[in-house]
Amino acid sequence: MKYQIQIIDLPALHAPIKLELDAAIQKVMYHQQFISGPEVGLFEKELGVYLNASVLGVGNGTDALEIALLTLGIGLGDEVLVPSFSYFASVEVINKVGATPVFVDVDETFTICVSDLQQKITPKCKCIIAVHLYGMPANMGAIMEFVKVQNLKVIEDTAQAIGASCLVQGKWQMVGTIGDLGTISFFPSKNLGAFGDGGAIVSKKSNLLERAKMLAQHGQSSKYVHEIIGSNSRLDTLQAAILSAKLPYLDQWNSRRVEIAKMYTDGLVANKLISIGAVPNYATHVYHQFTIVVEGNRDQYMQELQSMGIPVRLYYPKSIHQQKMFSHLNPVLPNSERIQSQMLSLPIHPTMTNEEVSYVIESVNRVVV
Ligand SMILES: Cc1ncc(COP(=O)(O)O)c(C=O)c1O
């Protein structure tokens with residue numbers, strides 16, 4: 001085996017900025033305001049400048065989605081359009097608030113298919129959760145046109161896509177800030193990862209974020225004045241301090257992901273058994289994952305690549321409509337079902353070397369024949 005490639009290498013990512021990370025942690029250790037310390041507001045401001053939107057830190061990306069639905073008044077009796085080909089959290093929150101998912105297929109970009117959205121809409125649909133899967137923006141231009149006509153709310157699940165952008169009405173905009181609310185995850189392996197759980201809700205509509213903040217902080221409008229039933233979902237001070245130290249590097253890390261993705265695309269495009277996700281010219285991709293669709297025995301390819309020191313993963317082997325709690329719904333989702341059984345995610349992280357990337361390309365072309 002020429003290399004043992006890591007699926008993610010956080011020690012290598014963090015080593016060059018160790019002094020900044022140490023200083024950020026030390027500062028919090030010094031004042032010890034572990035909850036709602038000054039670093040939280042500071043990070044919310046910095047991320048707000050980066051995204052050109054308002055930001056509310058919350059406990060994780062799943063809470064962010066649930067609070068976003070509650071903020072928009074989605075609940076019992078409502079239906080929410082959502083892609084089935086995503087991480088489970090994108091859908092479980094819909095049931096958590098008492099609403100029902102309406103599963104939509106994905107297109108050749110692996111994100112929600114706008115023509116299927118038009119087919120699947122019902123009179124009870126109040127909202128769309130558009131997932132920017134793998135770092136690839138959903139077609140927000142077309143989605144925003146659709147929701148205008150249909151009078152739907154839009155939540156952008158941006159857990160995997162911080163830093164990506166989408167062309168909407170002739171203007172490039174950061175994903176997460178285009179619909180009513182965007183949600184972000186700072187799970188450690190994400191493009192901007194904390195040292196534990198963390199999340200954010202973002203929006204250009206600051207009144208919506210005020211309501212989201214109330215919901216995330218026990219329904220309080222001010223200390224001990226509880227207007228509504230909420231929950232406890234805050235971004236820790238320590239996580240905010242770490243995220244502030246990492247945010248200035250996000251674009252550089254994302255650019256390296258794009259470089260690696262270009263090497264993969266150039267190196268694999270000639271292989272007739274491999275399809276690569278489309279990146280239309282309305283979007284910039286930040287490659288949280290690089291996923292290919294293969295013809296042939298996917299599971300055997302996977303085993304062979306693992307044995308060659310290449311950690312490939314299945315994001316995700318089962319579409320959400322096939323999980324047991326949704327198995328009674330039987331939606332028609334041919335692309336989701338095809339992709340789930342033929343997809344392979346290759347390692348991609350900013351500290352991979354060109355030699356490692358070339359080794360992955362060589363190995364995939366040797367195995368997928
Ligand atoms: C698409 C998507 N949505 C939501 C989440 C949930 O984020 P968290 O793990 O921070 O709760 C994730 C996390 O992996 C995700 O990938």
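Modeller: Two strands count as paired if DSSP finds at least two bridges between them. Keep that in mind as we look at this predicted model.

Biologist: Happy to! How do you know that β6 and β7 pair?

Modeller: Strand β6 covers residues 165–168 and strand β7 covers residues 171–174, with four bridges joining them in the antiparallel sense. The cut-off is at least two bridges, so with four bridges β6 and β7 count as a pair. In one of the contacts, cysteine 166 has glutamine 173 of β7 as its bridge partner.

Biologist: What lies between β6 and β7?

Modeller: Two residues, and the strands form a hairpin. In the turn, glutamine 169 has a positive phi of about 50°.

Biologist: Now the largest pocket. What makes a residue part of its lining?

Modeller: A lining residue has an atom within 4 Å of a point of the pocket. The largest pocket has a volume of about 570 Å³. Its lining has 30 residues, and the closest to the centre are Phe187, Ser189, Lys190, His288 and Tyr316.

Biologist: Which helix gives the most to that lining?

Modeller: α4, with three residues. Both α4 (61–71) and α5 (89–96) supply at least two. Domain 1 (11–248) and domain 2 (250–367) each provide at least three residues of the lining.

Conventions: Residues numbered from 1 in each chain as written. Predicted model: local features only at pLDDT ≥ 70, side-chain atom pairs only at ≥ 80, totals over all residues. Heavy atoms only, no water. 1 Å grid on protein atoms, 1.4 Å probe; cavity = no way out; pocket = protein on both sides within 12 Å on 5 of 7 lines; lining within 4 Å. Points joined across faces, edges and corners; volume = space filled by probe spheres on them. Domains from an automatic or database assignment.
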